[in-house]
Each structure stands twice: as structure tokens, then as C-alpha cells.
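Trainee: I have a model to read and some questions to ask. Can we go through it step by step?

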Amino acid sequence: MTRTDSVDVDDTSTWPADLADLIARLARGIPKAEIKRLDSASDLHNVARELAQYDDQVREILAGCLLRTYHATRLLDYEVEDVRKLGLLALTEESLDERVDRAVAAGFIAAADVAVMRESTAVVHQPSHMVKHRFGEVSVVTSRQPLAQAWPRKYLSNWGGEVRQFGPLWTDAEFERIRRIGRPSLIVAGIDVSTPAAAGSGRELVFDFIGVWLGLNGNGVVIHHAADIPGEQIVDVCHPGHPEYDRHAHFPRS
């Protein structure tokens, strides 16, 4: 397969044939009595933990392919163009300040509010050992299923990103106008899960492919991608009115 091939965890028709063969074989090896008791990929992970040994093989099969992933956020129009051109950039402390400075220069945030913006971050409100893992990565989910949960609404409704959503800016009504700048944006990005940058995930990918194959719930994991995701790997940036966005009825409309 070439690097332009897109693999969608949720759509078995996009899976490479050797991946589909592996997943089908592994699924057949799970006792039927166990399958009947399964509801989610997490259950599968718990009762068939030995299948984790196949995760490296799954990632090797997908080497050079782009696995479809999702990132929920809120963006100003010029930020949308940046994502399309430059991609999703791993977070740095410098970029937190640069993003605010740019929004001030563009007239979206008053200079008088910069101080509270600086104070309303995880850097200020969390211990350093908890904060450090938030930088140097881009968080994406590998399936649409997690998007059905409540958490995406927070990031689609509030500008600034997860690390900024701390302190008075996110609790005081007077700052609602800052939180609501920009547009809700569901970014679809392709990543090569065989690379070291994509190694960090909450559960081995093999369980989610098997979960989809078996028709289970709870598929999809967060990948903490420890590098930029370049612009050529951005599949789309979706807003209200886009079919990929509108399939999630609980997403904010503005």
C-alpha cells in the first residue's frame, strides 16, 4: 500500500487484506461463550489480554498507511487555514502564548484580558509533573465511537485547547465571549501508527480492530502523537454543516 491509502478503524472495507485476515483469525480464536459476554473493546482487552502481543504486527501491517483519526477543537478562521497548510503541531509552552498574542493582534481578544489568559492554563493550575506530559504531543482518537461521548463538546465549545481550560477564564461568566471565539472544528488527520511518534496509546490498537470486527461498543483509543502531524496528512477540517461533523447530533452548532 502507498502512504496515500487511508485506513478507517470503523470501516472494515478500508482495511488492508492482510490486516483483515489477521483480525478475523484472532476473532475466531476467542471462545464463543466469551464473545457473548463482551460488550466493549475494553471487555475484550480484559478477557483476552494475550492478544496484546499482536499489536506490533497490526502496526507493522499499517506501516506507510494513514490511519484516520479525529481531533476536536475550536478554531479562528486563520487557524483553520494554518491547520490545512501546516497540520496539527505538537503543543509547546511558547505556542500557548503565541496563540493568545495572535488573537489579540487580530482583534479577537482585548489586551486587557491577556493577563487572565496567561493565568488560565494547566501550567499555572497543575503540578509540573502532571503538566509536562501535555506538551510535545497532539492527542487524537482512532474511531468515531469516542466522539459520541460528552467530552468533545467541551473542546468544540471553548477556544484555546485543553491545556488552557483551567482557572477563572473557564468559570467566570464575564469571559464567555473569549471562550466562544472561533468555530467548532472536527479535524480529521491521517497518521502512520507504525512510527515511534504514534506509540503512546491508552490500549493496544489490535483490540479496537477486533472490537469493530465483532460489532462491539467502546472502540477507539487516544493516541498521544509525539510529533507534528503535517498538513499533507490533514484529511479535512469539518464544521457544522459538514456531513462528518453533523453525524454527531450532540456537537455544538456554533
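Trainee: What distance separates the side chains of R118 and D97 in their polar contact?

Mentor: First, the source: this is a predicted model, where local features need pLDDT of at least 70 and side-chain atom pairs count only at pLDDT 80 or more, while totals for chains, interfaces and linings use all residues. Residues are numbered from 1 along each chain as its sequence is written, and side-chain values use heavy atoms, with hydrogens and water left out. A polar contact is a pair of N or O atoms within 3.5 Å; within protein, one must be able to donate a hydrogen and the other to accept it, and residues adjacent in sequence count only if both atoms are side-chain atoms. For the side chains of R118 and D97, the distance is 3.4 Å.

Trainee: Which side chain joins that of R118 in a polar contact of 2.7 Å?

Mentor: R118 sits in helix α7, residues 114-119. Helices (H or I, at least four residues) and strands (E, at least two) are DSSP runs, numbered from the N terminus. Contact means heavy atoms within 4.5 Å, and beyond its neighbours within four places in sequence R118 touches D97, V100, D101 and V124. The partner at 2.7 Å is D101.

Trainee: Is R118 buried, partly exposed or exposed?

Mentor: Use the cut-offs: buried means under 20% relative accessible area, exposed over 50%, partly exposed in between (1.4 Å probe, protein chains only). R118 has a relative accessible area of 29%, so it is partly exposed.

Trainee: How many residues of helix α12 are buried?

Mentor: Helix α12 covers residues 205-214 and is largely enclosed by the rest of the structure. Its cover includes β1, α1, α3, α4, β2 and β5. Among the buried residues are F207, F209 and I210.

Trainee: Where does the backbone oxygen lie 2.9 Å from a polar side-chain atom of S185?

Mentor: S185 is found in strand β4, residues 183-191. S185 has a relative accessible area of 0%, so it is buried. Its contacts, leaving aside neighbours within four places in sequence, include H71, L75, V80 and V237. The backbone oxygen belongs to R183.

Trainee: Which side chain meets that of R183 in a salt bridge?

Mentor: A salt bridge is a side-chain nitrogen of Lys or Arg within 4 Å of a carboxyl oxygen of Asp or Glu. R183 is partly exposed because its relative accessible area is 36%. Its partner is 3.2 Å away, N to O, and is D77.

Trainee: How many residues apart are D77 and R183?

Mentor: The salt bridge joins the side chains of D77 and R183. This pair links distant parts of the chain: D77 is in helix α5, R183 is in strand β4, and they are 106 residues apart.

Trainee: Where in the structure are R59 and D55, which meet in a salt bridge?

Mentor: Their side chains meet at 2.9 Å, N to O. Both residues are buried. They are 4 residues apart, about one turn, in helix α4. An α-helix has 3.6 residues a turn, so residues three or four places apart point the same way. The element asked for is α4, residues 55-61.

Trainee: How many salt bridges does the structure hold?

Mentor: Another one joins D236 and R84 at 3.7 Å, N to O. That pair lies 152 residues apart, with D236 in strand β6 and R84 in helix α5. There is also a network linking D8, D10, R68, R144, E244 and R247. The total is 19.

Trainee: Which residue in β5 stands opposite V140?

Mentor: Two strands pair if DSSP finds at least two bridges between them. Strand β3, residues 138-141, runs antiparallel to β5, and 4 bridges join them. The covered face of β5 holds I223 and H225, while V222 and H224 are on the uncovered one. Opposite V140 stands I223.
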